[in-house]
Amino acid sequence: MDFLSFIGDNLQIFLSYTGFANATSGHLIMIAVGLVFIYLAIAKEFEPMLLIPIGFGILIGNIPFKDAGLQLGIYEEGSVLNILYQGVTSGWYPPLIFLGIGAMTDFSALISNPKLMLIGAAAQFGIFGAYILALLWGFDPSQAGAIGIIGGADGPTAIFLSSKLAPNLMGAIAVSAYSYMALVPVIQPPIMRLLTTKSERVIRMKPPRVVSQTEKIIFPIVGLLLTCFLVPSGLPLLGMLFFGNLIKESGVTRRLAETARGPLIDVITILLGITVGASTQATQFLTLSSLKIFGLGALSFVIATTTGVLFVKFFNIFLGKDNKINPLIGNAGVSAVPDSARISQVVGLEYDSSNYLLMHAMGPNVAGVIGSAVAAGVLLGFLG
Amino acid sequence: MNILENIQSADFQKGLEITGLGLAGVFIFMAVFLAIIVGVDKLFPYKPEKAA
């Protein structure tokens, strides 16, 4: 009898530590969200490099366990996840991602047709539009700035800024940013069709000129100096972006460039994805604020796409007949590299099967990366 | 009602100011960058390599 009660008591203690005893509806909802992310990544191939680590991180972050000093949770000081999470909270993962992006980005499309830079600036209305809407919806200025950056369609920038301005909202902002980036093929085409005429959609742009190696080398150096003088608060991101690009284009640091755009960015992407996912614990994530952030995130993408397309139409008024820009590349001003540029190409081909817009759209696309980092620097300067 | 109150708040007024300055900042950054790229193109135009 004693033996049976011994077994029973221990079994009860054991059960009290399992997920069955500790799971709440919040845990189950978040686990479902994580599974949806993994499904979208594998079955639909929506941003798999990001959604699989984030989705898996959501599962890890929402394991229903009893707090018994096991040091499992991301918010428990000294746990493995907590140590890895410091790269997010201290904001050093995003600049390393930017280093890799710089080392893999070819700015030729932008250098050959530099007026496309202005499209990358116009699309940043999405950031500031969402910032204003967030203020109207009752968020405080720092939180509103962090939410606004979702409109930049740039995950690392969103994580960087929210870790500085609103760490408590970072999980929701990061998940929102990456979710809408994955949904760019769904969000952008209807807006592009709505805002353009059939004759505008078939505008053929001049093929880009050849860019000299000297120009490619000067570009990141000028970019860095310009950042130092105009937006120093954007240096953590833009400095690393231009550094990465310089080691790519210099031609003498191939090993560094290959490491930055290969193993380094892969390692950081894994750590960033899994820790951001794990930070979305139900108690922190399932709030009314998160719902509002998702709503504002959707609006910011709509505003960014709209202003990008409308800006091209406006810009065309001042351009000669031979230099017109196809407004279908206006959407690419939101970063989301290279998905939004691909959308320009896909929608353009629907109306003219021999009008390839991809190389033209890459110009505003990489300008959007710079533009959103500049906007983040501006917001950090004012609100940080 | 809340939105109307928020419009009149000092935070919102400051927000409009930051938006104006921020967008101007982004456009100025890009415009200066554009001008420099055009200048660099004039200084270092592409020269095709001569075949041996």
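Predicted model: local features only at pLDDT ≥ 70, side-chain atom pairs only at ≥ 80, totals over all residues.
Biologist: At what angle do the axes of helix H20 and helix H21 of chain A cross?

Modeller: Helix H20 of chain A covers residues 339-351, and helix H21 of chain A covers residues 358-383. Their axes come within 8 Å. The crossing of H20(A) and H21(A) is right-handed, and its angle is roughly 145 degrees.

Biologist: Which residues of H21(A) does H20(A) meet?

Modeller: From H20(A), the residues taking part are A:Ser340, A:Ala341, A:Arg342, A:Ser344 and A:Gln345. By class, this contact has four nonpolar, four polar and one charged residues. On the H21(A) side, the partners are A:Leu358, A:Ala361, A:Met362 and A:Asn365.

Biologist: Why is helix H11 of chain A described as largely enclosed by the rest of the structure?

Modeller: H11(A) runs over residues 155-165. Its buried residues include A:Gly155, A:Phe160, A:Lys164 and A:Leu165. A residue counts as buried if 20 or more other C-beta atoms lie within 10 Å of its own. The helix is largely enclosed because the buried residues number eleven of the eleven.

Biologist: Which helix gives the largest share of the side of chain B that touches chain A?

Modeller: The contact takes 36 residues from chain A and 27 residues from chain B. The chain B residues divide into 18 nonpolar, six polar and three charged. Helix H1 (2-8) and helix H2 (10-43) of chain B each supply at least two residues of that side. The largest share, 21 residues, comes from H2(B).

Definitions and conventions
Residues numbered from 1 in each chain as written. Chains lettered and ligands numbered in written order. Axes fitted to C-alpha atoms, helices over the stretch in contact; angles between N-to-C directions. Helix = DSSP H or I, 4+ residues; strand = E, 2+ residues; numbered from the N terminus. Left-handed = near helix turned anticlockwise from the far one by under 90°. Contact = placed C-beta atoms within 7 Å. Nonpolar A, V, L, I, M, F, W, Y, C, P; charged D, E, K, R; others polar. Buried ≥ 20, exposed ≤ 12 C-beta atoms within 10 Å, placed from the backbone.
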